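Biologist: I have a new model open and have not looked at it before. Can you walk me through it?

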Amino acid sequence: MQDFLLSIYPWLKIGHVIFMVFWLAGLFMLPRQCIYMLDHEPGSAGEAKWAERMGKLRKIILTPSLIIVWVLGISIAIAIGAFSQGWLHAKLALVLGLTGYHGWLVGQTKKMARGERPLTEKHLRMIGEVPGFLLVLIVALVYLKPF
């Protein structure tokens, strides 16, 4: 299996990076869409429209990208035998954190679609920075492999 994965390694990497970009783009967009939804009263047509948009973003981009990123990332780690390397352990911890953030954010958007307002605009703006911060750390680990 490792030999096969190594033979397609460049394609695994290409796919991993492409779907990581899709996933992160969606994670940047979702809090912004929540902010737009705050301008609409619960139960209004405007709220319903933003709830539909957020649902599509989750179902069409975010969740499929998340799954593909994990599958390709694990395949890459197997191909290059990286599971014994400390940088990969740190990266996996950060990606697990990003996955948890994704799940938490999806939960918040579903609450908002039901008319709840669990987060303020200020909170949404602050949490919208989380993916960018984690992205910087993850990319640094992958390229520098400090340990």
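Biologist: How do the axes of α2 and α6 cross, and how far apart do they come?

Modeller: This is a predicted model. In it, the axes of α2 and α6 cross at roughly 150° and come within 9 Å. An angle over 145 degrees counts as roughly antiparallel, so α2 and α6 are roughly antiparallel to each other.

Biologist: Which residues in α2 and α6 meet?

Modeller: On the α2 side they are M20, L24, L27 and F28, and on the α6 side P131, G132 and L135. By class, that contact has six nonpolar residues, one polar and no charged.

Biologist: Which residues of α2 meet α4?

Modeller: From α2, the residues are H16, W23, L24, L27, L30, P31, C34, M37 and L38. Their partners in α4 are K91, V95, L98, T99, Y101, H102, L105, T109, M112 and A113. This contact of α2 with α4 divides into 14 nonpolar, four polar and one charged residues. L24 and L27 of α2 are also among the residues that meet α6.

Biologist: Take C34, then. Buried or exposed?

Modeller: C34, in helix α2, is buried because its relative accessible area is 0%.

Biologist: What is C34 in contact with?

Modeller: Leaving aside neighbours within four places in sequence, C34 is in contact with M54, T109, M112 and L124. C34 and T120 are 86 residues apart in sequence, and their C-alpha atoms are 9.4 Å apart in space.

Biologist: Let's move on to α3 and α4. At what angle do they pack?

Modeller: Helix α3, residues 45–80, and helix α4, residues 86–113, pack at about 165°, with their axes 11 Å apart. That angle is over 145 degrees, and α3 and α4 are therefore roughly antiparallel to each other. Their crossing is left-handed.

Biologist: Who meets whom there, and what classes of residue are in the contact?

Modeller: In α3 the residues are E47, A51, M54, R58, L62, T63, L66, W70 and A77. In α4 they are L88, L92, V95, L96, T99, H102, V106, T109, K110, M112 and A113. The contact of α3 with α4 has 13 nonpolar, four polar and three charged residues.

Biologist: What does W70 contact on its own account?

Modeller: W70 is in contact with L92, V95, L96 and T99, leaving aside neighbours within four places in sequence. W70 lies in helix α3. Its C-alpha atom is 15 Å from that of L5, which is 65 residues away along the chain.

Biologist: Different topic. What is the phi of K145?

Modeller: K145 has a positive phi of about 40°, although it is not a glycine. Most residues other than glycine have a negative phi. K145 lies in the segment after α6, which is 130–144. With a relative accessible area of 41%, K145 is partly exposed.

Biologist: Back to the whole chain. How many helices and strands are there?

Modeller: There are six helices and zero strands. The C-alpha atoms fill a box of roughly 55 × 25 × 15 Å along the principal axes.

Biologist: How much of the chain is buried, and what does its accessible surface come to?

Modeller: Of the 147 residues, 36% count as buried. The accessible surface comes to about 8,300 Å², and 70% of that belongs to carbon and sulfur atoms.

Biologist: What share of the contacts comes from residues 24 or more positions apart?

Modeller: Such residues account for 80% of the contacts with a separation of 6 or more.

Key: Residues are numbered from 1 along each chain as its sequence is written. This is a predicted model: local features need pLDDT of at least 70, side-chain atom pairs count only at pLDDT 80 or more; totals for chains, interfaces and linings use all residues. Side-chain values use heavy atoms; hydrogens and water are left out. Axes are lines fitted to C-alpha atoms, for helices over the stretch in contact, and angles run from 0 to 180 degrees between N-to-C directions. Helices (H or I, at least four residues) and strands (E, at least two) are DSSP runs, numbered from the N terminus. Angles under 35 degrees count as roughly parallel, over 145 as roughly antiparallel, 65 to 115 as roughly perpendicular and the rest as oblique. A crossing is left-handed if the near helix is turned anticlockwise from the far one by less than a right angle, and right-handed if clockwise. Contact means heavy atoms within 4.5 Å. Ala, Val, Leu, Ile, Met, Phe, Trp, Tyr, Cys and Pro count as nonpolar, Asp, Glu, Lys and Arg as charged, and the others, Gly among them, as polar. Buried means under 20% relative accessible area, exposed over 50%, partly exposed in between (1.4 Å probe, protein chains only). Accessible areas come from the Shrake-Rupley method with a 1.4 Å probe; for residues, only the protein chains shown count as cover.
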